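Me: Please take a close look at a single chain for me and talk me through it in one go. I'd like the overall picture, with the cut-offs spelled out as you use them.

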Amino acid sequence: MGWIGETVDSIKSIQIRQALTQAVSLGMIVTSALIIWKALMCITGSESPVVVVLSGSMEPGFKRGDILFLHMSKDPIRAGEIVVFNVDGREIPIVHRVIKVHERQDTGEVDVLTKGDNNYGDDRLLYANGQLWLQRHHIMGRAVGFLPYVGWVTIIMTEKPIIKYILIGALGLLVITSKD
Amino acid sequence: MHSFGYRANALLTLSVTILAIMCAMASFSDNFNSPSPSASVEVLNINRLQKLSNGDDEVSLTLNISADLQSLFTWNTKQVFVFVAAEYESTKNSFNQVSLWDGIIPSREHAKFWIRTTNKYRLTDQGANLRGKDFNLTLHWHVMPKTGKMFADKIVMTGYRLPEEYR
């Protein structure tokens, strides 16, 4: 009787230990991803260091699904730069090129007008009602680097949530069943 | 240890790593290219210099732009975005930069060009400071790579002046 009880106990303890290691390793994966993201935020100075291009307004330079790396420095914004900006009343940030810059003499404030390379006209139609210029605080960062196609992963996941759940489920199953 | 999942994982990791290294190397190789582009912009005519109803000055000009940007192209170059901007200082603004014309050069074969054009975007000042204004015309280029870091530079051309009177 004592022998059986011992065995059961040992099996139980092993399972608990295993479950704990798995939980810890899963936690490590999640937290390290978070650390990398936050570190990128610190280095680039932009609140979202990587953005996915969602529209074709910058074609043929940037296509849908391409990834841009952003940088936000104190340098003044100049024409030709590709900036990512938020417009009041719009949730999704826009990636377009600066075509006009007016920098104020006294305050140093800056008025910026943008346009998509593939669009016919400038962006005043996209701005909030009556807004003629972007100011510094609208701009989240300027694009410095470029990686093609990688963003399709996130586009597919946001547009077909089923795939996301299947992927998460499969990964979770893998973590649970894997024996190192 | 040598299960299907393990091997698939190893294969995926290796291929992604190699791809990332190749992209990084392609982008890094751009640094070895030291381009020597040339450009000249000529103002053929000031078609119009007028005050708009809101009090701002507006100019319309005809430009003759010629440039040779062939040396910017490397094997990692997808396209070159080129534009000519008018840059000037005014009493209100310490720096004004207005794009007048832009274009996309898809390949080295198209990188030596000349074009005669009126300004594609309106050259309006914030205020009425354009009469007799000295300004620079700057040809900027932004190299968009197939992958990696983007490059930009410019050629500044000075000594342009707008007429003293509205016309």
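Reply: Accessible areas here come from the Shrake-Rupley method with a 1.4 Å probe, and for residues only the protein chains shown count as cover. This is a predicted model, where local features need pLDDT of at least 70 and side-chain atom pairs count only at pLDDT 80 or more, while totals for chains, interfaces and linings use all residues. Residues are numbered from 1 along each chain as its sequence is written, chains are lettered from A and ligands numbered from 1 in the order in which they are written, and side-chain values use heavy atoms, leaving out hydrogens and water.

Let's take chain B. Its accessible surface is about 8,900 Å², and carbon and sulfur atoms hold 58% of that. Of its 167 residues, 47% are buried (under 20% relative accessible area; exposed is over 50%, partly exposed in between, with a 1.4 Å probe and protein chains only).

As for the fold, chain B has 1 helix and 9 strands, taken as DSSP runs numbered from the N terminus (H or I, at least four residues, for helices; E, at least two, for strands).

On to the outline. The C-alpha trace spans about 85 × 35 × 20 Å along its principal axes. Chain B has a radius of gyration of 23 Å, whereas a compact globule of 167 residues would sit near 15 Å; the radius is taken over C-alpha atoms, and the globule rule is 2.2 Å times the number of residues to the power 0.38.

What about contacts, meaning heavy atoms within 4.5 Å? Take the pairs in chain B at least 6 apart in sequence: 68% of these contacts join residues at least 24 apart.

Then the charges. Chain B carries 17 positive and 15 negative ones, and their mean positions are 7 Å apart. Lys and Arg count as positive, Asp and Glu as negative, with His and the chain ends not counted; each charge is placed at NZ of Lys, CZ of Arg, CG of Asp or CD of Glu.

Last, the sulfurs. A disulfide is a covalent bond between the sulfur atoms of two cysteines. Cys23(B) has a relative accessible area of 22%, so Cys23(B) is partly exposed. Over in chain A, Cys42(A) is at 67% and therefore counts as exposed.

Methods:
Contact = heavy atoms within 4.5 Å.
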